[in-house]
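Subject: Structure handover

Hello,

Here is the structure we talked about. Please open it and read my notes alongside.

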Amino acid sequence: MLDFARWSLFLIGHVGIWAFLFNRSHSTAMIRSIRKASERAAILVVTLPAIWIAVRILTLGSIGFDTVLGDGWFCSYAAVCSICGSLLTIAWAIRKIKFRLPKKVKSTNRQILDLRNELKAPIYHGTLPKLLEKIPFNECHKLSLQNMEFELEMPKNLAGLKICHLSDLHYTGQIDIGYFQRVIAEVNRFDPDLVVITGDIVDSTDCLEWISETLGQIQAKSKAGIYYVLGNHDRRVGDEQKLRQLLSSAGMVQASGTWHDIQWNGATIRITGTALPWFYDSKRLGPEPDSACDLKILLSHSPDQIGWAVQHQADLMFAGHTHGGQISLPIIGPVIAPSYYGVTFASGTFDINGTLMHVSRGLSGDESIRIGSPPELGCFSLTANPQATESKPVLNQKGSLDTAMVQSKNQLEGRKSVKPIAARMKKINQSKMTVG
């Protein structure tokens, strides 16, 4: 029993160390070739010790922890992993025990649509996607309609505003266009007043024409509009200007680099966005207008920009990028998420110093594999809290994360956690994490 516990802590620590390094390094604007090489290296580093241990067990005929590891350098590494494994286990347990759902989230429910069965046509294209489709529990074709109600401090005349959030569409050609057309049909069925798109739209130039056939069919552009930011995978298109032109022609407005004031039902909604650290258009953003706004929304591809949202005292922030980890293990949750904060913001709703952030699991991915983290279409309805008035005071631009307490929830998995991250978030104002 003792050996089992020691092996468990070693495994948790071993995977945790390399997942920590992987997640943080992949939150940067790393060159794709280097990123892919680091991914393969990480897989080798994680798996090779396990293979060596399995061979030792078979050779020695014993599963004794000390017997298998011997007295070499690997024994010292195992000790470090065991300590890290103990700390990670304690941290995980604390998050489970202390979780509280953000009070601003008044209701949440989801509906799963099996689009593969519904469309009755092949969804996956290409050898690898078709192989991944056969993996048990793969949910790439199961769309989760995430319906949530947020209660915010805003004028009562904004109550009832409906926002639809799309993220990480990843038009690669591996997932059929019919899947995305079906997603857009659900967007229109929700009949949102405002649509926000948080990056990773097109991976392949061959799929640029899909924009007009999918996103161009969203009907909300006749209401408050459709606003977007790009993501790291959009750099693969090469011709950024052409991509932005096609998005504009389809009725979408670039959120980053400008403050957009929208008049809605007698109130002002202010929107801007950022795609840092991959696109620097948001660095051209000027000072916020002096005029008052009633609801401030920030779009970001990555949740790592939450510090900027808090500094600007945004009411809402929408992000994606992390895909919910793509593989979320039962009880444990996700292990891999390309974020400066690891899996803290893998997916779900977070309340940080008055800014409510929702991180989408996205609609697709570079690899057609999702387990425990199905694609998500976010449908949000806003209500005003009982203290709301017909106007909202002008907010200053000062914000601090020194006493931040994060309240988070992965609604799909039922994963619950409350994590004080004050010490870690003191670094959020570093140049790579902020705008300008």
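Does K36 count as buried or exposed? With a relative accessibility of 17%, K36 counts as buried. Bear in mind that this is a predicted model.

**Salt bridges**

K36 pairs with E39. Their side chains form a salt bridge, 3.7 Å from N to O. Both residues sit in helix α2, three residues apart, so about one helical turn separates them.

The next pair is D203 and R236. Their closest N and O atoms are 3.6 Å apart, in a salt bridge. D203 is in the loop between β4 and α8 (210-213), and R236 is in the loop between β5 (225-229) and α9 (240-249), so this bridge ties together parts that are 33 residues apart in sequence. D203 counts as buried at 8% relative accessibility. R236 is partly exposed, at 23%.

Then look at E376 and R361. Their side chains meet in a salt bridge of 3.3 Å, N to O. E376 belongs to strand β15 (residues 376-384), while R361 is in the loop between β14 (355-359) and β15; the pair is 15 residues apart and links distant parts of the chain. Both E376 and R361 are buried.

There is also a network. Salt bridges with shared partners join R35, K36, E39, D203, R236, D366 and E367 into one. Across the whole structure, the search finds 20 salt bridges.

On the surface, L44, L48, I51 and V55 form a nonpolar patch. Together they have about 370 Å² of accessible area. L44 lies in helix α2. L44 is partly exposed, with a relative accessible area of 48%.

Helix α4 runs over residues 73-98. At 1.5 Å a residue, its 26 residues should span 38 Å. Its end C-alpha atoms are 38 Å apart, which agrees. Which residues of α4 are buried? They are F74, Y77, A78, C81, S82 and G85. Their cover includes α1 (2-25), α2 (32-60) and α3 (65-69).

T198 lies in strand β4 (residues 194-198). T198 is buried, with a relative accessible area of 0%. Its side chain makes a polar contact of 2.7 Å with that of S167. Leaving out residues up to four places away in sequence, T198 touches H165, L166, S167, V229, L299, S300, H301, F318, A319 and G320.

E153 is another story. E153 sits in the loop between β2 (142-152) and β3 (162-166). E153 is exposed, with a relative accessible area of 58%. Where the fold brings in T383, the C-alpha atoms of E153 and T383 are separated by 8.7 Å. Along the chain, the two residues are 230 residues apart.

Best wishes

Notes:
Residues are numbered from 1 along each chain as its sequence is written. This is a predicted model: local features need pLDDT of at least 70, side-chain atom pairs count only at pLDDT 80 or more; totals for chains, interfaces and linings use all residues. Side-chain values use heavy atoms; hydrogens and water are left out. Helices (H or I, at least four residues) and strands (E, at least two) are DSSP runs, numbered from the N terminus. The expected span of a helix is 1.5 Å times one less than its number of residues. Buried means under 20% relative accessible area, exposed over 50%, partly exposed in between (1.4 Å probe, protein chains only). Contact means heavy atoms within 4.5 Å. A polar contact is a pair of N or O atoms within 3.5 Å; within protein, one must be able to donate a hydrogen and the other to accept it, and residues adjacent in sequence count only if both atoms are side-chain atoms. Patches are made of residues with over 30% relative accessible area and no salt bridge: like charges are joined within 9 Å, nonpolar side chains (Val, Leu, Ile, Met, Phe, Trp, Tyr) within 5 Å. Accessible areas come from the Shrake-Rupley method with a 1.4 Å probe; for residues, only the protein chains shown count as cover. A salt bridge is a side-chain nitrogen of Lys or Arg within 4 Å of a carboxyl oxygen of Asp or Glu.
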